[in-house]
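Colleague: Could you take me through one part of this model closely? I would like to look at the aromatic rings and the nonpolar packing around them.

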Amino acid sequence: MSEAIAVKQQVEEQKYNEEWLKSFKGFENYSKEESKRIIKQLEMLAEVVCMHFMNTS
Amino acid sequence: MKDLSVFKQFAKPSKSIQFKTDGKAVIYTRVSTKEQAENNASLETQLKYCKELAVKKGIEVLEHFGGTYESAKSDERKQFQKMLTYVKRRKDIGYIIVYSYDRFSRTGANGAYISDQLKKQGIVTISATQEVDTSTSAGSFQQNLYYMFSQFDNELRRDKSVSGMQERLRKGYYIGPLPFGYTNLNPGNGKTPNYVINDQGKLLQKAFLLKAKSNLANSEIVKKFKSKGLNITEKKFSKYLRNPFYCGMLISTLLPDEILKGKQPPLVSEDVFLKINNILYSRPQGHVYNSEDEHLPLKTFIKSFECKTPYTGYLVRSKNLYYYKNRRKGSKENRSAKKLHQTFIDFLNDYKLQDEKLVEPLKEIITDKFIELNSESIEDAKRIEADIENLQKRLERLEERFVFEEITKPQYDKFKQKLELEKREFESKKLNFKFNSSNLKKAVDKALDYALNLPSLWESGNVETKRALQYMVFPEGIYYDFKNHRVRTFRVNSIFSAIASISGEMSGNKKENYHSNNDNSLEVESERIELSSKRANSSLSTCLVSI
């Protein structure tokens, strides 16, 4: 069915990027790769704690 | 010539079909569609003709079957099967009377086969309008031709109808009952449909958007929207999310491999639909945890240091206690789940966010995540706040009008009471919202606390949270040195690090080589912690913790 359409394009959130991370103190000199990795991990942690909060509150 | 009658007893019995010419009859009538059945004219006419034939032939009619709509495209018809069972059971039935042979069957060869089987039992199918003598070969052939022609006619009609439907689809009009959430304001044959999104559709639209934004579980979204009046099951919601009709497309089995633009207003944009489907197709099927998993969250995550095989678990039913066990054949590595969990909690206690500077960006991500997850509630809360403000203004205006004697005291009292009651209702509704703007901050702080206190998060979380946390902090799991009662991990997520008691001196090493520092830490914490191995990159560290 729509599988072919679904993989045609990936729509991604763009807010959290290198520039965004650099706006915080201490991240000014982080490379693009480092920023990407840290953002990904922070997002994972946020996901876990938010879902936990939602499940328990 | 001798009289041969004496040999009659030796004659072969007749193999020809013995028709029950003195038998009784049943009548079978049918129409194809509900509309025809409701109109009833055709059914009445069929019955009338069948009865007339029975009278003409002097056959007693015992029962009437059908009298409703059932398509003869298949012979698995309820009334038809009921009739066949009836005539096969009764021994005195000799005839099935139908208005025409296409009433009996339109399946061609299959219809002829059924008729033939009945004939072998002495039951003849006769038509009130197509009289044939089925006792002769020519008559049987003619009857079969009627069946074949009925099927041919059916297929011709089908072809015509399919072409019409394909044409309609190509024009962008949906065939069949409209999908959930849509209404046709101009229904009827030959009319140009006017599809609109109804109230349920508007709620479904919000559910789609929430799915795209938050990737919440379908069950959560269905639950959330049920309270708002969206009556769909999780299964249905999952089906809708995959139906491109909702982003303005048309797909149909009548036009295989084709995707067309429909005339319906899209519920969501193509981008949103694609985003949802990317989520749905890219996400592996969620693991369903059973009650054993709840008690053994470290199962497969913890591995034997000796042989690297994962630990599994079991329940000692007599004591109702869970144990972890190494999978290796002949292994005697068994450890009480309670003890191993405590060990893991202690181990986790030694880890925290690597750097204070991570807190601020994490806080912002958590805030955004909460807003995404609760956007519906937040919007509702905002709406209610606006309603309360509006009611307050109306109350003030009422008072003003009373002061300036524009309204009487009874009028003032009456409306004041009404408005205050409304305001109270809104205020109590507002209290039910978990995430209005004021307590969002509290929620974020609480979530942040969890992020900064991993043992507490692990302890209070369900099995899903526990496992997500475990693998996030220690992506490759942990190794358990059973002999020496120690836990070891080779890889720690780079945003976490061992707390000062373990790694205080690590930070001083610019090359991030923990090896030498570990030696020092060993001297300090030799009873409890041993750090070893060179850290290959910033995301790698090795700890050996005694238990």
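Modeller: What follows goes from ring pairs to charges over rings, then to the cores and a helix contact. Keep in mind that this is a predicted model.

Start with the rings. A search of the whole structure gives 33 aromatic pairs over all chains. Take B:Phe7 and B:Phe10. Their ring centres are 6.5 Å apart and their planes meet at 45°. Planes under 30 degrees apart would count as stacked and over 60 as edge-to-face, so this pair is tilted. B:Phe10 is exposed, because its relative accessible area is 62% and the cut-off is over 50%.

Now turn to B:Phe80 and B:Phe104. Here the centres lie 5.1 Å apart. The planes are at 75°, so this pair is edge-to-face. The pair links distant parts of the chain. B:Phe80 belongs to helix α3 (residues 78–89) of chain B, and B:Phe104 to helix α4 (residues 101–104) of chain B. They are 24 residues apart. Both B:Phe80 and B:Phe104 are buried.

Rings can also join into a cluster. Ring pairs do this for B:Tyr174, B:Phe180, B:Tyr182, B:Phe208, B:Phe237, B:Tyr240, B:Phe245 and B:Tyr246.

Next, look at charges over rings. B:Lys303 lies over the face of B:Tyr479, 5.8 Å from the ring centre.

Now the cores. In soluble globular proteins, nonpolar side chains tend to be buried together. In this model, the largest nonpolar core has 90 residues. B:Phe208, B:Ile366, B:Phe370 and B:Phe474 have the most contacts inside it.

Look closely at B:Ile366. Set aside its neighbours within four places in sequence. B:Ile366 then touches A:Ala46, A:Val49 and A:Cys50 in chain A, and B:Val444, B:Ala447 and B:Leu448 in chain B. A second, separate core has 19 residues, among them B:Phe65, B:Val87, B:Val98 and B:Ile114.

Last, a pair of helices in chain B. The axes of helix α5 (residues 109–120) and helix α6 (residues 137–170) come within 8 Å. They cross at roughly 145°. The crossing is right-handed. On the α5(B) side, the contact includes B:Ala109, B:Gly111 and B:Ala112. On the α6(B) side, B:Ser140, B:Gln143 and B:Tyr147 are among the residues involved.

Notes
Residues numbered from 1 in each chain as written. Chains lettered and ligands numbered in written order. Predicted model: local features only at pLDDT ≥ 70, side-chain atom pairs only at ≥ 80, totals over all residues. Heavy atoms only, no water. Phe/Tyr/Trp six-rings, centres within 6.5 Å; stacked < 30°, edge-to-face > 60°. Buried < 20%, exposed > 50% of the residue type's maximum accessible area, 1.4 Å probe, protein only. Helix = DSSP H or I, 4+ residues; strand = E, 2+ residues; numbered from the N terminus. Lys NZ or Arg CZ within 6 Å of the ring centre and 35° of its normal. Core = buried A, V, L, I, M, F, W, Y, C linked by side-chain atoms within 4.5 Å. Contact = heavy atoms within 4.5 Å. Axes fitted to C-alpha atoms, helices over the stretch in contact; angles between N-to-C directions. Left-handed = near helix turned anticlockwise from the far one by under 90°.
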